[in-house]
Every structure is written in structure tokens, then in C-alpha cells.
Amino acid sequence: MDNKYDVIVIGAGMSGLAAGIRLAMFGKKVCIVEKHIITGGLNSYYTRSKRDFDVGLHAMTNFVEKGTRKRPLTKLLKQLRIPYDSLELEQQKNSLIHFPDFKLKFNNDFELLLSQISEYFPHEVDGFNKFVEYINEYNEVALDNKTFMAKDVARKFLKDEYLIEMIFCPLLIYGSAWEDDMDFSQFVIMFKSIYLEGFCRPKGGVRTIINLLLNKLEESGCELKFRSEVKNIIKKDGKVKGVVLKKGDILYADKVISSMGHPETIKVLCEEDDLDKETQNNDQRMPKVGPLSFCESIVCLDMKPSQFGIDDTIVFYNNSSQYHYQKPKDLYDNRSAVVCFPNNFTNDDLEEGIARVTFMANYNKWHELEKPLYKEHKSKVLCDSLEIIQSIYEDFSPQVTFSDVFTPTTIKKYTGHFDGTVYGSTDKLRDGKTKTEGLFLCGTDQGFLGIVGSMLSGISMANLHGLME
Ligand SMILES: Cc1cc2nc3c(=O)[nH]c(=O)nc-3n(C[C@H](O)[C@H](O)[C@H](O)COP(=O)(O)OP(=O)(O)OC[C@H]3O[C@@H](n4cnc5c(N)ncnc54)[C@H](O)[C@@H]3O)c2cc1C
């Protein structure tokens with residue numbers, strides 16, 4: 001049967017692509033169904049005014065040198081049989097955690113962060129070293145890890161709340177589904193991938209990663225169907241049977257791996273016998289929808305940051321001693337921001353200066369806006385973004401040659417994630433297993449996120465549920 005597969009993978013984001021490649025590599029008949037006409041999901045790209053932009057790439061985390069064994073990046077490249085050199089990775093110059101009273105620099109050499117802590121928080125050096133030892137020994141990827149909050153653990157080692165806020169700031173904004181704190185396993189993943197390993201960028205940006213994945217997909221024989229939105233996942237007698245596409249086709253498989261998100265997956269799950277009924281029966285409790293989304297300004301400049309003596313790659317800016325990592329009450333929160341200069345990796349392959357400024361944002365507030373107001377508020381986001389850059393670097397005065405702003409509604413439109421959530425639900429399923437036999441999650445709501453994390457999630461769920469079982 002042409003429409004019967006061993007495994008159907010929902011979504012051609014990073015995790016779905018990685019899962020599809022891995023399964024097809026070992027002879028499984030696999031089909032990836034993607035609602036859009038482009039791959040990458042949250043981590044995609046677009047072209048405007050003849051310029052190529054990345055959507056979800058400030059930096060790739062988990063940088064390690066070629067040949068480093070058993071680290072997330074090298075493990076993932078090995079499993080997908082992608083040569084390290086093909087990414088042509090450029091390392092960050094350095095990044096900055098920018099609070100009013102202290103500025104902590106870090107780069108891909110952990111010694112820099114240690115020396116900054118000993119300079120500004122000498123009373124915490126002992127505690128911090130012990131905390132790092134504890135983090136190093138913790139197995140953050142064990143699929144049976146329980147969820148408990150990371151700040152409680154940090155406070156056993158560190159007493160200075162200012163330092164705790166500063167250390168948590170980049171880790172929260174780059175990967176927490178929880179407000180103001182995060183699950184400890186996720187904290188350890190982020191700590192290792194950002195502070196102990198570090199930031200890098202593939203030459204050519206996200207297209208390089210996606211093109212490598214697409215070549216592998218073709219080589220492996222995995223089928224990829226675009227414009228194929230899943231309307232329903234069908235089950236019978238507690239077991240998954242396949243998917244119904246919005247355009248009407250039905251595809252069958254005993255295993256379905258979904259990267260849509262946890263609540264998004266459960267929402268479309270329905271009994272085969274209920275398919276034609278107007279109200280479909282889905283008695284499962286809905287997992288929580290994640291609260292956190294972003295708006296981002298992308299600004300092209302007539303000069304590069306280095307021409308103003310700026311060599312920071314990513315700045316984690318916050319305007320008080322406390323970091324408010326929360327869904328904002330208003331459209332967005334300009335008390336903190338992430339400022340990224342993609343030019344400031346070791347070899348700048350970009351033709352013009354670029355700055356990206358990200359704020360936490362509230363999906364519902366953006367969703368309620370009528371079109372003219374929506375446009376007006378996007379302009380305010382842009383103004384605030386430029387103001388924040390100016391407040392960090394007083395002499396930075398290039399001309400803006402092009403700008404674009406995306407909001408949580410853009411994220412919802414292009415990924416289907418409820419409320420434009422970026423780090424997914426707080427109801428993660430670490431082992432990927434849903435209550436329906438044969439239906440698994442991969443990607444953000446399995447618990448591994450970011451570019452490297454989501455690919456590893458796809459690989460591990462494919463290995464565990466598609467190849468080993
Ligand atoms: C603004 C922004 C900046 C970021 N910056 C970074 C960064 O610098 N570094 C980093 O490592 N990570 C970054 N991330 C996070 C990273 O992009 C994500 O964690 C990762 O891409 C998630 O991948 P995924 O496969 O889990 O999910 P997704 O990318 O969400 O993929 C899900 C796919 O499923 C498809 N889909 C959804 N519903 C359906 C349906 N019903 N039928 C068919 N297909 C469907 C979607 O179209 C999508 O392609 C950023 C994200 C954003 C939004």
C-alpha cells in the first residue's frame with residue numbers, strides 16, 4: 001500500500017528532519033508530513049528585499065572542537081553521518097551578561113567566566129566551583145529524570161541572588177518553558193551547552209544546516225510531503241493508526257512521531273470511528289500551553305559593529321538586579337532583551353552589519369490587535385530595539401538600511417505552536433511516550449530544544465521508539 005508507512009513523522013523542523021533521516025537510514029519506510037512549503041520550523045529562513053535572513057538562529061550552542069568525543073554536537077553529527085567540517089563553524093568572539101551593576105563576559109573558554117566571577121563575586125568563587133562540579137556529574141539526559149526547579153539547587157551552592165539572576169538569564173531566555181526558573185535537567189543541558197561548550201555559527205547560517213539535512217534526507221530515501229497539514233491523528237483501541245491530512249489524504253502507520261508540540265498533538269488526536277462526526281471525542285487532559293514567546297527586530301546597518309569597536313556576539317541585557325523571565329502583561333517587555341550581532345563570529349561572512357534584538361512578548365495581546373495598530377506597535381518594537389543598543393553602546397550610530405520585526409503571531413502562523421510558544425509546554429514527555437500506543441513526541445516538548453537539542457531529540461526518539469522497539 002502506497003499510503004502505509006513504518007513511521008510517520010509530523011513536522012519538518014530540526015527534530016522531525018533528524019528523526020526521519022535516522023529511521024530511513026536503517027531501512028524504515030518513513031514519511032515526514034509538513035504543513036508548510038519550507039523546512040526548518042522555528043529555525044528557518046526567509047528572503048526580503050533580496051536579503052537572506054535566518055529566523056531562529058542567533059547562535060548554535062554546544063560548540064566543541066573537531067574530534068571531541070561524546071559531546072552533543074559530535075554525537076549528533078556522527079549519528080546523522082554529517083562531517084564536522086561541512087558546517088564550517090565560526091566561534092563567537094565573546095558574549096556579555098549586562099546588568100546595571102555588573103557585566104559578566106564569557107566566551108567558549110570557560111576560564112573567562114570563572115575569572116569574571118572571581119573579579120566581581122569573589123565571595124562566591126568556592127560555591128560556584130562546587131556547583132559546576134555538581135553540574136558536571138549530573139546526568140541531564142536520563143529519560144527518567146524527575147522535574148524539579150533549578151534555582152532551589154543553585155541556592156544550595158550560591159548565596160548572592162544577583163549572581164544567581166545573572167547566571168540564569170542567558171539559560172532561561174535560550175531555553176526555559178517555565179517562567180522565572182527552569183527544570184534542573186534543562187538547566188544543566190543549557191549550562192553545559194552555553195557556558196561549558198559555547199556559541200558558534202555555521203558559515204551561511206541556518207541554510208547550511210538545513211541543506212545538509214535535506215541532502216541526507218534524500219540520500220536516506222525518506223519521503224517528505226510539503227503542504228501536508230495533519231488535521232487528525234487517528235487511534236483505535238488505544239493504538240495509533242495514522243494521520244488524516246487537511247487536504248483529505250489518509251496515511252497509515254503503527255508509529256507516529258510528532259514534533260508539533262504536546263498540546264498541539266493531543267488536540268488533534270481522535271478515535272477512528274469519530275472521524276466523520278462533527279464533535280470528535282478526545283478525553284485526554286490537555287497539556288499546558290507554554291507561556292513564553294518573543295518578538296524580534298532584525299536590523300541591517302550601513303556599518304559593521306566592529307567599525308565601532310564592538311566585538312560582543314550576544315548581549316543578555318537586563319535593566320535591574322532581578323531578571324523578569326515571564327509572559328509580559330503588555331505586548332512585550334523592554335526591561336530586558338537579547339542583542340545579537342551575527343557579524344561577531346570569528347569570520348564574518350555577512351555583507352552588511354546586522355543586529356537582532358529579541359524581547360519577551362505576549363501572544364494574546366498581539367493577536368488582539370487590528371492591522372493598523374499591529375503595524376504601529378511593530379514600529380515601537382523597532383524603536384525600543386535601537387534604543388537598547390544605543391544604551392549599551394553609546395557611540396554606536398550606523399544608519400539602518402533595512403528592518404523587519406516578527407511577533408508571536410508570526411511564530412504561530414509559521415509553526416502552528418499554540419500561542420506562538422517557543423520553548424513549548426511545561427508538560428514535557430522525556431521518554432517521548434504519549435498515552436496512545438505508538439504515538440510519540442520529539443523535539444521541544446520531549447524536552448530537548450534549541451538547534452542541537454531538537455536534532456538530538458529527533459535522533460534519540462527515532463532510535464528508542466522506531467529502531468529499538
Ligand atoms: C526567535 C527564535 C530564536 C531562536 N534562537 C535560537 C538560537 O539562537 N539557537 C538555538 O539553538 N535555538 C534557537 N531557537 C530555538 C530553536 O529554533 C528551536 O528550539 C528548534 O528549532 C525547535 O525544533 P523542533 O523540531 O522541536 O520544532 P519546530 O521547529 O517547531 O518544528 C515543528 C514543525 O512541525 C510543523 N507542524 C506543526 N503543526 C503541523 C501539522 N499539524 N501538520 C504538519 N506539520 C506541522 C511546523 O510547521 C514545523 O515545521 C530560536 C527560536 C526562535 C523562535
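In this predicted model, helix H5 (residues 150-157) and helix H6 (residues 161-173) have axes that come within 11 Å and cross at roughly 135 degrees. H5 is therefore oblique to H6.

**Helix pair H5 and H6**

- The crossing in which H5 passes H6 is right-handed.
- On the H5 side, the contact involves Ala150, Lys151, Ala154 and Arg155; on the H6 side, Glu161, Ile164, Glu165 and Phe168.
- Sorted by class, the contact of H5 with H6 has 4 nonpolar and 4 charged residues, and no polar ones.

**Largest cavity**

- The largest cavity contains about 60 Å³ of space.
- Its lining is made up of Met60, Leu73, Leu76, Leu77, Ile82, Leu87, Ile209, Leu212, Leu213, Val452 and Met455.
- At least two lining residues of the largest cavity come from each of helix H2 (72-80), helix H8 (206-220) and helix H13 (450-468).
- The lining of the largest cavity counts 11 nonpolar residues, with no polar and no charged ones.

**Second largest cavity**

- About 30 Å³ of space is found in the second largest cavity.
- Glu90, Arg201, Pro342, Asn343, Phe345, Asn347, Asp348 and Asp349 line the second largest cavity.
- The lining of the second largest cavity splits into 4 charged, 2 polar and 2 nonpolar residues.

Key. Residues are numbered from 1 along each chain as its sequence is written. This is a predicted model: local features need pLDDT of at least 70, side-chain atom pairs count only at pLDDT 80 or more; totals for chains, interfaces and linings use all residues. Side-chain values use heavy atoms; hydrogens and water are left out. On a 1 Å grid over the protein atoms alone, a cavity is a set of points where a 1.4 Å probe fits but cannot get out, and a pocket is an open set with protein on both sides within 12 Å along at least five of seven lines; lining residues have an atom within 4 Å of a point. Grid points are joined across faces, edges and corners, and a volume is the space filled by probe spheres set on the points. Helices (H or I, at least four residues) and strands (E, at least two) are DSSP runs, numbered from the N terminus. Ala, Val, Leu, Ile, Met, Phe, Trp, Tyr, Cys and Pro count as nonpolar, Asp, Glu, Lys and Arg as charged, and the others, Gly among them, as polar. Axes are lines fitted to C-alpha atoms, for helices over the stretch in contact, and angles run from 0 to 180 degrees between N-to-C directions. Angles under 35 degrees count as roughly parallel, over 145 as roughly antiparallel, 65 to 115 as roughly perpendicular and the rest as oblique. A crossing is left-handed if the near helix is turned anticlockwise from the far one by less than a right angle, and right-handed if clockwise. Contact means heavy atoms within 4.5 Å.
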